[in-house]
Amino acid sequence: MDKLLIDINIVLDVVLDRELDGSSAAVMNLMDEGKARGWLSATSYTTIYFLTNKYLDHRKAINVIKDLLAILQVSAVDERILTLALNEKGPDFEDNIQIVCAQFAKADYIITRNLSHFKYSLTKALSPTEYLKSLM
């Protein structure tokens with residue numbers, strides 16, 4: 001069973017109904033059905049709440065967080081993770097946190113729509129579409 005670190009953009013695709021092809025939802029469904037194991041960094045939960053609350057409402061935002069906690073493992077973010085993320089080569093600190101969290105979770109893949117920010121990652125980054133195709 002694959003272990004996946006889920007980038008925040010995948011969750012937001014589903015929650016904010018902003019994807020066209022359904023691939024992010026399909027990846028999330030794999031984890032919900034127990035066909036893959038997923039992790040989401042602790043810092044992503046706060047951002048997802050903030051954006052869901054802003055664009056939808058508080059009740060929906062709380063339900064989204066509860067749903068995510070039910071299907072995904074929380075990848076802790078502490079001083080060590082943040083320090084290691086500062087030393088990553090990627091151009092975005094938030095994405096560097098995802099890279100380090102993927103390493104600590106021993107993830108097989110990082111699932112993201114922002115592949116360019118993960119080109120230096122030791123954990124292979126795939127788009128949701130690429131990941132789904134790899135299963136066929």
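## Strands

In strand E3, Val74 is the bridge partner of Leu40. Strand E3 (residues 72-75) runs parallel to E2, joined to it by four bridges; strands pair if DSSP finds at least two bridges between them. The model is predicted, with local features needing pLDDT of at least 70 and side-chain atom pairs pLDDT 80 or more, while totals for chains, interfaces and linings use all residues. Residues are numbered from 1 along each chain as its sequence is written, and side-chain values use heavy atoms, without hydrogens and water.

E1 and E2 also pair in the parallel sense, over three bridges, and Leu5 stands opposite Trp39 in E2. Because four of the five residues of E2 (residues 37-41) are buried, this strand is largely enclosed by the rest of the structure. Buried means under 20% relative accessible area with a 1.4 Å probe, protein chains only. Strands (E, at least two residues) and helices (H or I, at least four) are DSSP runs, numbered from the N terminus.

Leaving aside residues up to four places away in sequence, Leu68 touches Val11, Met28, Leu40, Tyr45 and Ile48, where contact means heavy atoms within 4.5 Å.

How values were computed: Buried means under 20% relative accessible area, exposed over 50%, partly exposed in between (1.4 Å probe, protein chains only).
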